[in-house]
Amino acid sequence: MEEIGFLGIGIMGKAMAVNLLRHGFKVTVWNRTLSRCDELVQHGASVGETPAAVIKKCKYTIAMLSDPAAALSVVFDKHGALEHVCAGKGYIDMSTVDADTSSQISQAITSKGGSFLEAPVSGSKKPAEDGQLVILAAGDKDLYDQVVPAFDVLGKKSFFLGKIGNGAKMKLVVNMIMGSMMNAFSEGIVLADKSGLDPHTLLDVLDLGAIANPMFKMKGPAMIKNSYPPAFPLKHQQKDMRLALALGDENAVPMPVAAAANETFKKARSLGLGDLDFSAVFETLSK
Ligand SMILES: NC(=O)c1ccc[n+]([C@@H]2O[C@H](COP(=O)([O-])OP(=O)(O)OC[C@H]3O[C@@H](n4cnc5c(N)ncnc54)[C@H](OP(=O)(O)O)[C@@H]3O)[C@@H](O)[C@H]2O)c1
């Protein structure tokens, strides 16, 4: 495959770009805080000075940015991606954003002759490192077919979901469920503890039953130790709850559980926990 550009070397972007390099892809990276690219250079990446410079150099460019504001700014701002988009360029935004943001980016890229795919991912830092993400793509099917070799490296499975917005919506539904589950899990650990039960035994019991899941198994032991090394930053989980609730508004879907979960994530952010893992929402319930 042609050289791939990569915009956004955060927790996920770094793991994904390293994975592509490890599998023999040539990769040119850019990050707002440029110094974060240094580690990628050690893995064999080149660095572009601006998003526009990366687009100019690469046929395909992937973006992995924090939120809608970041995704829009990297495309539309001065020296942004749009400056060098033209026919033959493919732009793949893997950030978690809402369908409207994705549509705005899609329209801008395609109006300059480029092709666009939204491709948010399910899975966190570890699956990103291991190439085990689940990719939720939508948009230009030809571009999807062209970048399947990269998706095969990044993920264990990719879905093509049709028109722009469907990938974004699927991702928000998944993360809305996850955020609500994390709240219920946190309440359960606190309830077990405060009512005189050993929370570790609760984890063992949960793991043997019908609601066993990798998230409880992976996060539970650290939460009991009040340890939250960021794999999925809490501020991004709250952003996803907010965007999922807006999708609920648009479709008149009542979401009382998700709305309550959003409040606890907001509370956690107000306590300064936004950069910790989203499991730190436990702190708002246990204190
Ligand atoms: N972590 C996960 O488990 C996970 C899983 C699935 C999906 N996601 C989604 O993937 C995306 C990235 O997540 P992450 O965990 O990698 O987040 P992160 O570690 O916070 O990285 C965010 C990236 O966005 C960049 N950025 C933020 N604001 C910007 C702006 N205004 N202009 C340009 N760049 C900007 C950051 O650059 P700087 O380095 O300069 O700050 C950084 O490269 C988010 O949409 C998140 O919801 C995350």
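Colleague: Where does UniProt place the feature "active site"?
Modeller: UniProt positions follow the numbering used here, feature names are shortened, and annotations may be inferred rather than shown by experiment. In this case the unreviewed entry puts "active site" at Lys171. Residues are numbered from 1 along each chain as its sequence is written. The model is predicted: local features need pLDDT of at least 70, side-chain atom pairs count only at pLDDT 80 or more, and totals for chains, interfaces and linings use all residues.

Colleague: Is Lys171 buried or exposed?
Modeller: A residue is buried if 20 or more other C-beta atoms, placed from the backbone, lie within 10 Å of its own, exposed if 12 or fewer, and partly exposed in between. Lys171 counts as buried because it has 27 C-beta neighbours inside 10 Å.

Colleague: With which residues is Lys171 in contact, leaving aside its neighbours within four places in sequence?
Modeller: Two residues are in contact if their C-beta atoms, placed from the backbone, lie within 7 Å. For Lys171, these partners are Thr96, Pro120, Ser122 and Leu136.

Colleague: How many residues surround the ligand?
Modeller: A residue is near a molecule if its C-beta atom, placed from the backbone, lies within 6 Å of it. Here 27 residues surround the ligand, and the closest are Gly10, Arg32, Ala70, Ser124 and Phe232.

Colleague: Why does the shell lie between domain 1 and domain 2?
Modeller: Domain bounds come from an automatic or database domain assignment. Both domain 1 (4-162) and domain 2 (169-286) contribute residues to the shell around the ligand, so it lies between them.
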